[in-house]
Amino acid sequence: DLDVRKCAAPMGWFRRSKKKEEQTDEDLTNAEDQPATEDDDELDFKDLDIDECDDDEFDDAEEELEVGEPPWGKPGAAGGDRNAWDRINPLSFLVRGPTYLSDKEKEASAASQIELVCIDFFEADSDIACAATSSDAGTVQRMREAGETRKLLLIHIRILPLHFVTVFALPSDVSDDESPAGKLLTRFLSDMPDKERNQRFKLVPRIVKGPWILRTVLREVPAIVGKRIPTSYFDNGDDWFEVSVLATSTRVGSKITALVRRYAAKLILEVAFVLEGQSPDELPERIISGFKALHPDFNNLRKVGVTPAPTDPEVDSEPESGFTSTMP
């Protein structure tokens, strides 16, 4: 009773992905646009024909979640085992060691540089490029109302119409950290050019629990996101800094997020964020921070209505003093 036609696509996909098994890293890329990098510390999906994974063949992946009150957008709501978020153990992730440029050796990361304090996850009726300034989403506003006074780093993954926003709090003395990773983070959050930010900001996915098809796509190797996925940076001085990634802007990104959504009920995902050290004085690397998502429920997110921007030409549309937007 086995329909071999339905087996052919995913197995062919799997065989092609195995050809890249010996590579250490890749960037999330639409390989039709640019050639793959030669850097062995970068992810490359060029041999993966993700279109051969037909969503219709995996209708049994979805299942109902039995969960309590959603934790999304609630400061300090870490913990739980279903429809939940939590912190990662950064020591379990490998990063470039102090001599990586000569011997390609990696080592376990030191402790996270900053603290995960909240994850907001919602559906909006139109795109929100910057979550920090959106009073409709209220992500930062709720943090301030809860008494959080530290500078915030938001990493905003836009999987339209969904928005996944991780919120981290920086220690007050973060700029005093003279370690290689500390100085690199300070520069990233202040005067680093966007072009350089796009070449350094990496995420490392880890499927803790999930089906083989997701493990094939999301191998535990760093992805330099900004090389080919549109990434914007928003800076509001000592208040907050936001990295906004439009994940569904490419064919590969759309397919991957569709797979994650389909298998969410079976998924435990960890993601670490790190800045790439590219010279000896920037090594060893260190995990900035990260998150763990446990069986997230995509079907019962809060709905956010986005207030239209004013169209009256008399209205002052200039941003608040101190706020800069660096859209690509």
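Student: Where is Glu69 found?

Tutor: Glu69 sits in the loop between strand 2 (41–44) and strand 3. Helices (H or I, at least four residues) and strands (E, at least two) are DSSP runs, numbered from the N terminus. Keep in mind that this is a predicted model: local features need pLDDT of at least 70, side-chain atom pairs count only at pLDDT 80 or more, and totals for chains, interfaces and linings use all residues. Residues are numbered from 1 along each chain as its sequence is written, and side-chain values use heavy atoms, with hydrogens and water left out.

Student: Is Glu69 buried or exposed?

Tutor: Buried means under 20% relative accessible area, exposed over 50%, and partly exposed in between (1.4 Å probe, protein chains only). Glu69 has a relative accessible area of 66%, so Glu69 is exposed.

Student: How far apart are Glu69 and Asn83 in space?

Tutor: They are 9.0 Å apart, C-alpha to C-alpha, and 14 residues apart in sequence.

Student: Okay, what about Glu148: buried or exposed?

Tutor: With a relative accessible area of 13%, Glu148 is buried. Glu148 belongs to the loop between helix 3 (139–145) and strand 7 (152–159).

Student: Which residues is Glu148 in contact with, leaving aside its neighbours within four places in sequence?

Tutor: Contact means heavy atoms within 4.5 Å. By that rule, Glu148 is in contact with Val117, Met143 and Ala169.

Student: How do I read helix 4, and which of its residues are buried?

Tutor: Look for which way the buried residues point. In helix 4 (residues 180–188) they are Ala181, Gly182, Leu184, Leu185 and Phe188. They cover an arc of only 165 degrees around the axis, so they are on the same side of helix 4. The arc is that of the directions from the helix axis to the C-beta atoms. Among the elements these buried residues pack against are helix 5 (194–200) and strand 9 (201–209).

Student: In what order do the five strands of the open sheet come?

Tutor: Two strands pair if DSSP finds at least two bridges between them. Here the order is 3-14-13-9-10, with antiparallel pairing. Strand 3 (84–86) and strand 10 (223–224) stand at the edges with a single partner strand each, so one side of each has no neighbour in the sheet.

Student: How many bridges join strand 9 to strand 10?

Tutor: Two, and the strands run antiparallel. Lys202 stands opposite Ile224 in strand 10.

Student: And how many helices and strands are there in the chain?

Tutor: Seven helices and 16 strands. Of the 328 residues, 50% count as buried.
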